[in-house]
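Here is a short briefing on one protein chain. Please look over the sequence and the model before reading on.

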Amino acid sequence: MNEDLMVTAVAASFGVGYMIVCLAIVVVALVGMWKVFEKAGKPGWAAIIPIYNTYCLYDMAFGNGWLFLLMFVPCVNFIVMIICCIKLAKAFGQSTVFGVGLIFLPFIFMLILGFGDAQYIGADNQA
């Protein structure tokens, strides 16, 4: 009986630790996205509104926020999100490699974009 209690306690502590790490990653990602939105002239609070943040992200990247509706089309959504990340990097004057970083590690690269010295040049002024 004592061993079962010990196993349960260890499993619970791992679960709580995992939840804390996940929550920290979400908070860091939201802070980075908030700063990116503010740099682009969007309201920072838009980063925490689920569908509106995607609309604003596509508006920053493509110049047309309504393209976010393509996210509801199966198979197309994957390709459009990759293009969006690369175009978002270009809209901030960054390279395509930075856009690939946004695809694979968005919570880190959003922080770099938000707190770094990159300036929003717009979707129309991309090189």
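A residue counts as buried when its relative accessible area is under 20%. By that cut-off, the buried residues of helix 3 are Val80, Cys84, Cys85, Leu88, Ala89 and Ala91. The model is predicted.

**Helix 1**

- Helix 1 covers residues 2–39. Its 38 residues reach 56 Å from the first C-alpha to the last, close to the 56 Å expected at 1.5 Å a residue.
- Buried residues in helix 1 are Gly32, Met33, Val36 and Phe37. They pack against helix 2 and helix 5.
- An α-helix has 3.6 residues a turn, so residues three or four places apart point the same way.
- Isoleucine 20 also lies in helix 1. Its relative accessibility is 54%, and exposed means over 50%, so isoleucine 20 counts as exposed.
- Isoleucine 20 and tyrosine 52 are 32 residues apart along the chain, and their C-alpha atoms are separated by 26 Å.

**Helix 1 against helix 2**

- Two packed helices are described by the angle between their axes and the distance between the axes.
- The axes of helix 1 and helix 2 come within 11 Å and cross at roughly 50°. The two helices are therefore oblique to each other.
- The crossing of helix 1 and helix 2 is left-handed.
- Helix 1 supplies Met33, Val36 and Phe37 to this contact, and helix 2 supplies Asn53, Cys56, Leu57 and Met60.
- By class, the contact of helix 1 with helix 2 has six nonpolar residues, one polar and no charged.

**Loop between helix 1 and helix 2**

- Alanine 40 sits in the loop between helix 1 and helix 2. Its relative accessible area is 15%, so alanine 40 is buried.
- Which residues does alanine 40 touch, not counting those up to four places away in sequence? They are Met60, Phe92 and Tyr120.
- Alanine 40 and tyrosine 120 are 80 residues apart in sequence, but 5.4 Å apart in space, C-alpha to C-alpha.
- Glycine 41 follows helix 1 and has a positive phi, near 85°.

**Helix 2 against helix 3**

- Helix 2 is residues 50–62 and helix 3 is residues 76–91. Their axes come within 8 Å and cross at roughly 60°. That angle makes helix 2 oblique to helix 3.
- Helix 2 passes helix 3 in a left-handed crossing.
- From helix 2, the contact uses Leu57, Tyr58, Met60, Ala61 and Phe62. From helix 3, it uses Val80, Met81, Ile83, Cys84, Lys87, Leu88 and Ala91.
- The residues of this contact between helix 2 and helix 3 divide into 11 nonpolar, no polar and one charged.

**Aspartate 59**

- Aspartate 59 is in helix 2. Is aspartate 59 buried or exposed? At 18% relative accessibility, aspartate 59 counts as buried.
- Leaving out residues up to four places away in sequence, aspartate 59 touches Lys42, Asn64, Gly65 and Tyr120.

**Cysteine 75 and helix 3**

- Cysteine 75 is in the loop between helix 2 and helix 3. Cysteine 75 is exposed, with a relative accessible area of 66%.
- Cysteine 75 has a positive phi of about 75°, although it is not a glycine.
- Helix 3 has 16 residues, which should span 22 Å at 1.5 Å a residue. The end C-alpha atoms of helix 3 are 22 Å apart, which agrees.
- The buried residues of helix 3 pack against helix 2, helix 4 (96–104) and helix 5 (106–115).

**Helix 4 against helix 5**

- The axes of helix 4 and helix 5 come within 6 Å and cross at roughly 130°. That makes helix 4 oblique to helix 5.
- Helix 4 brings Phe98, Gly101, Leu102, Ile103 and Phe104 to the contact. Helix 5 brings Pro106, Phe109, Met110, Ile112 and Leu113.
- By class, the contact of helix 4 with helix 5 has nine nonpolar residues, one polar and no charged.

Key:
Residues numbered from 1 in each chain as written. Predicted model: local features only at pLDDT ≥ 70, side-chain atom pairs only at ≥ 80, totals over all residues. Heavy atoms only, no water. Axes fitted to C-alpha atoms, helices over the stretch in contact; angles between N-to-C directions. Helix = DSSP H or I, 4+ residues; strand = E, 2+ residues; numbered from the N terminus. Parallel < 35°, antiparallel > 145°, perpendicular 65-115°, else oblique. Left-handed = near helix turned anticlockwise from the far one by under 90°. Contact = heavy atoms within 4.5 Å. Nonpolar A, V, L, I, M, F, W, Y, C, P; charged D, E, K, R; others polar. Expected span 1.5 Å × (residues − 1). Buried < 20%, exposed > 50% of the residue type's maximum accessible area, 1.4 Å probe, protein only.
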